[in-house]
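Subject: Structure handover

Hello,

Here is the structure I promised to pass on. Please open it first, then read my notes below.

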Amino acid sequence: MTGITLLILLVIMVLFLLLALTKKSLLKSAVALACASVMLTIILFILAAPWGAVFELSVCAGLITVVFISTISMTDAKSKREDYEERKLHNKKFAPLFFILAVVVAATAYFLSQQAGIVIQGNELGYDFKEVLWNTRQTDIVGQIVLVLAAVFGITVFFKEVD
Amino acid sequence: MNTVDMLVLYSFFVLPLAAVFVFNLLPRRVSDKIAVHFLTGLSLLVLISAVVECIQLLTKFDYVSFSLLWDMKAANASFFYLDLTSCVVIACTALSVLCAALVAKDSLRPEKKYSFVNLAVIIMLAINGMVMVTDLFSFYVFLEVAGICAFILVALNKDSQGLEGSFKYFLMSALATAFLLIGMAFIFMNTGSLYFVEIQAFLSKSYTANYFLFQLGLCFVLVGLCIKAGITPFHGWVPDAYQSAPASVSVLMGGIVTKACGIYALIRVFGFILPDFGFVTDILMIFALLAICFGAFTAMAQSNFKRILAYSSISQLGYIVLAVAVGTPLAIVGAVLHFVNHSLFKGSLFVNADAIERETGTLEITQLGGLGKQMPVTSISSVLSFLSAAGIPPLSGFWSKFLIILAAWLAGFKAAAAIALIASLVTIAYFLRLQKAVFFGKSREEFADIKESSVSNKAAAIVLSALTVAGSVLIPVVLSVLKANGLI
């Protein structure tokens with residue numbers, strides 16, 4: 001039963017990710033990405049990885065979506081001409097990327113299904129979430145701070161600065 | 001840990017982090033005005049701290065392990081760890097940021113300086129974090145941060161060339177990320193940990209039935225890091241990113257970012273954590289020789305100054321990968337020294353490229369000529385850097401190349417050593433062509449009025465060239481200290 005649930009959730013997640021990549025509206029893309037993150041959160045909970053699930057939900061589905069949507073609110077709508085040019089570029093540039101990603105994901109999934117016996121089931125260390133976050137993963141907290149700063153300045157360069 | 005150690009370590013991380021906040025809390029008018037001076041001062045402080053710590057580590061032959069924010073209680077906690085190699089990379093990063101700041105002073109548009117300073121400090125933070133962490137996942141997080149900042153910086157001017165270069169870099173970076181994450185997942189599935197120490201402990205035990213999965217994971221990590229480093233055959237993004245980036249960003253990218261994100265990671269993972277790792281050695285050796293030859297021969301066919309430097313970088317980084325593949329202590333010392341030397345001479349050549357572009361408005365070498373008389377500092381600095389890159393004695397580049405080729409020869413890779421030596425001659429050839437076309441020969445009429453570049457640009461070129469010359473004396477001293485302590 002868990003296997004089928006997982007498979008369905010995985011398929012839904014991939015569909016949301018494809019939507020996020022293909023939607024022309026940035027807002028719809030951001031929402032689709034958040035939905036994919038929620039699916040991944042559920043998958044992680046089912047796979048007994050609650051820390052991963054909590055991080056995924058708080059950072060990817062929550063924080064990142066807020067950052068995306070606030071950024072999109074800073075942008076203006078495109079003219080019809082720009083829209084047409086963008087659509088041409090969009091389709092051409094992303095086609096090989098989709099193909100490469102699909103091949104990598106399919107090969108990995110196939111390989112993992114062959115190696116099913118060795119997947120580590122859940123966490124065996126016995127720490128609770130708070131303990132893990134503060135007592136063992138200090139470097140991740142510093143990393144997250146720096147990552148958020150990089151994202152903020154990236155948004156400033158691409159969307160806020162007027163040339 | 002004594003007080004000096006504490007102060008120094010805080011200056012690697014807490015100081016830049018605090019600096020970002022302080023810089024952004026200032027009124028925008030003030031921060032725009034002081035932007036470049038702020039970055040120059042900050043990188044100088046970090047550089048001094050790194051040099052002090054390098055000397056401490058070199059004399060004690062020790063490492064420092066510490067918790068940055070609070071003491072951690074768990075036994076397998078992820079903490080920060082600093083050894084001589086990490087400290088050298090931190091010093092190179094600070095030096096490259098310093099030179100990029102000096103170049104940015106006159107070359108970058110005033111409204112771009114604010115973002116440049118913020119992103120350059122975050123790159124410094126990310127590289128400092130990357131070299132000090134003790135587990136593969138944290139390593140990946142900092143690697144990504146540096147990568148993200150780099151492709152934002154390449155597109156800083158938002159012109160079509162910059163955006164194209166940045167987009168290519170971004171796509172290749174995304175592919176590298178996929179490889180790295182899949183590789184790490186395979187390693188974790190097999191070893192149950194991503195801590196460097198625990199992976200090493202796993203390898204020292206008898207191999208399990210799923211050892212193949214571990215090997216596959218290593219292959220994925222290897223390919224991911226080679227893409228990040230721009231090693232042949234994954235070099236597609238390098239020339240465009242280098243050529244299209246603003247001058248100060250090229251100095252930063254050529255000086256440290258590509259090397260730290262790809263090459264340092266290769267040295268750390270395959271030189272220190274998993275040395276002599278069977279098939280990985282073979283793959284690395286093939287990539288290294290491809291990069292050395294392809295970079296050198298393609299550089300011969302280029303006519304744009306920055307593109308020549310980009311292909312030259314691919315070739316020079318190939319030497320470092322060759323040393324990692326050889327894997328002996330002598331080769332790893334050679335790799336680290338060539339890493340430092342490459343930061344110096346390539347940083348200097350990018351500073352020279354900026355000076356030439358600003359004065360003449362072009363970097364096409366067919367349109368240049370006879371600039372040596374009008375731009376003596378740029379010319380001398382360029383010649384010194386090229387001699388060092390070509391491995392001409394006694395400059396610093398000679399020592400590192402000599403060590404790498406010697407180590408390859410002694411380890412039995414005689415054909416690889418011979419190829420590396422021949423490619424070094426090609427390096428001389430393309431740099432001679434570049435120097436002749438740009439600085440020597442008859443002066444062109446349209447360049448009759450040009451003069452030497454700005455003071456800050458000259459300062460950056462002089463500092464890097466002086467260090468290249470100083471390296472010719474310092475490297476033998478460092479080698480004798482290492483030999484006296486039985487490390488090589």
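Start with H16(B). Its buried residues are B:Ala416, B:Ala417, B:Ala420, B:Ala423, B:Ser424, B:Thr427, B:Tyr430, B:Phe431, B:Leu434, B:Ala437 and B:Val438. Buried means that 20 or more other C-beta atoms lie within 10 Å of the residue's own; exposed means 12 or fewer, partly exposed is in between, and C-beta atoms are placed from the backbone. Helices (H or I, at least four residues) and strands (E, at least two) are DSSP runs, numbered from the N terminus.

Two notes on the source. This is a predicted model: local features need pLDDT of at least 70, side-chain atom pairs count only at pLDDT 80 or more, and totals for chains, interfaces and linings use all residues. Residues are numbered from 1 along each chain as its sequence is written, while chains are lettered from A and ligands numbered from 1 in the order in which they are written.

Back to H16(B). What covers its buried residues includes H11 (278–300), H12 (305–326), H13 (329–360), H14 (376–389) and H15 (396–410) of chain B. The helix has 25 residues (414–438) and should span 36 Å at 1.5 Å a residue; its end C-alpha atoms are 36 Å apart, which agrees. The expected span is 1.5 Å times one less than the number of residues.

H6(B) passes that check too: 32 residues (160–191) should span 46 Å, and the end C-alpha atoms are 46 Å apart. B:Gly192 follows H6(B), with a positive phi near 80 degrees.

Next, helix pairs. The axes of H2(B) (28–60) and H4(B) (113–132) come within 8 Å and cross at roughly 20 degrees. Axes are lines fitted to C-alpha atoms, for helices over the stretch in contact, and angles run from 0 to 180 degrees between N-to-C directions. So H2(B) is roughly parallel to H4(B) (under 35 degrees; over 145 is roughly antiparallel, 65 to 115 roughly perpendicular, the rest oblique). By class, their contact has 11 nonpolar, 2 polar and 2 charged residues. Ala, Val, Leu, Ile, Met, Phe, Trp, Tyr, Cys and Pro count as nonpolar, Asp, Glu, Lys and Arg as charged, and the others, Gly among them, as polar.

The axes of H13(B) and H14(B) come within 9 Å and cross at roughly 145 degrees. The contact there divides into 5 nonpolar, 8 polar and no charged residues.

Now look at B:Asn457 in H17(B) (455–484). Why is B:Asn457 counted as buried? Because it has 25 C-beta neighbours inside 10 Å. Leaving out residues up to four places away in sequence, B:Asn457 touches B:Leu102, B:Val103, B:Asp106, B:Val351, B:Asp354 and B:Ala355. Such a contact needs C-beta atoms, placed from the backbone, within 7 Å.

Most residues other than glycine have a negative phi, and most peptide bonds are trans.
- B:Thr232 to B:Pro233 is a cis peptide bond, with omega near 10 degrees. B:Pro233 sits in the loop between H8 (211–229) and H9 (237–244) of chain B.
- B:Pro393 and B:Pro394 are also joined by a cis bond, with omega about 5 degrees. B:Pro394 is in the loop between H14 and H15 of chain B.
- B:Lys158 is not a glycine, yet has a positive phi of about 55 degrees.

Last, chain A. It has 6 helices and 0 strands. Of its 163 residues, 14% count as buried.

Best wishes

Key:
Two residues are in contact if their C-beta atoms, placed from the backbone, lie within 7 Å.
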